[in-house]
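Student: I have a model open and want to learn how to read it. Can you take me through it feature by feature?

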Amino acid sequence: MKTNRQEKQDFYSDSNTVKQYEELRFSNVGGQFVHKLEERLFRQCLERCEKKAAILDIPCGTGRMLPLILAKGFHVTYAADYSNEMLAVCQVSPLSKSVKLSKQDIYSTTFPSQKFSVILSSRFIFHCDDQDRLFSEFERLLTPQGYLIFDGLRWSPRTWTQLFSKTLGGDIYTNSDKSIHELANTHGFEVIDSKSILMFPSFVYNFIPSFLMRPLEWIESIWPSRFKTKTVWILKKYE
């Protein structure tokens, strides 16, 4: 029987998954709203990073965050993913000439220790059933006082039902604020800030009619953070 890790690797290495990835998640008004909101939060986090030496985007997927990263003026930008199909999409983009792309297992990369001043890990931790191992690798890769930026799920109906599970890549895992603080403390990080976003799970926004998006944006702005589904975190590694 395959482990969760192997199932995820196989799913995101499948050519059909990759072909449908952007269209399934970000092609309509609701999906674009989610993308822009996530991008805005990641931009704010990147602007707080004092060190601009080398940044790693892992897993980079189809390169969704690379335009944002390259605009932030890091000296060197690395992007990595386990999926050859995802990397092939990145390589087609003109931006790939400004990025050092490589195939990597996020749990055990081939990069040397303390290689990066910033790591951005978008839409991954909630796929991870071995978060201690993941954070151990992040701790190894970051320089002292380096930054780790990622997003996690506070709650999701996909932990209660298998609906859409096969379409979206299998089991996912949620994190309370307490669990993130525990991971940070265990692996030598300080929590700098966090911000919760999205009233609904991100996939739901694909089904919201465009005429409802403007009033929904206003409701989002006043919706209590404790009831939102996703949190974007920025952590700083100790000396």
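Student: In what order do the seven strands of the open sheet lie?

Tutor: Strands are DSSP runs of E, at least two residues, and helices are runs of H or I, at least four residues, numbered from the N terminus. Two strands pair if DSSP finds at least two bridges between them. In this predicted model, the order is β3-β2-β1-β4-β5-β7-β6, with mixed pairing. β3 (100–103) and β6 (189–197) stand at the edges; each has a single partner strand, so one side of each lacks a neighbour in the sheet. Neighbouring strands are turned by 15 degrees against each other on average, direction ignored.

Student: What are the ground rules for the numbers?

Tutor: Residues count from 1 along each chain as its sequence is written, and side-chain values use heavy atoms, without hydrogens or water. Local features need pLDDT of at least 70 and side-chain atom pairs 80 or more, while totals for chains, interfaces and linings use all residues.

Student: How many bridges join β4 to β5?

Tutor: Five, between β4 (residues 116–121) and β5 (residues 142–153), which run parallel. S121 has F150 in β5 as its bridge partner.

Student: Which strands does helix α6 touch?

Tutor: Contact means heavy atoms within 4.5 Å. Axes are lines fitted to C-alpha atoms, for helices over the stretch in contact; angles run from 0 to 180 degrees between N-to-C directions. Helix α6 (residues 131–141) packs on the sheet against β1 (54–57), β4, β5, β6 and β7 (230–237). Its direction makes about 145 degrees with that of β5.

Student: Which residues touch the most other members of the largest nonpolar core?

Tutor: In soluble globular proteins, nonpolar side chains tend to be buried together. A nonpolar core joins buried Ala, Val, Leu, Ile, Met, Phe, Trp, Tyr and Cys residues through side-chain atoms within 4.5 Å. Buried means under 20% relative accessible area, with a 1.4 Å probe and protein chains only. Here the core has 32 residues, and L46, V118, I149 and Y205 touch the most other members. α3 gives the most, with seven residues. Beyond four places in sequence, L46 contacts residues including I55, L68, V118 and I149.

Conventions: Buried < 20%, exposed > 50% of the residue type's maximum accessible area, 1.4 Å probe, protein only.
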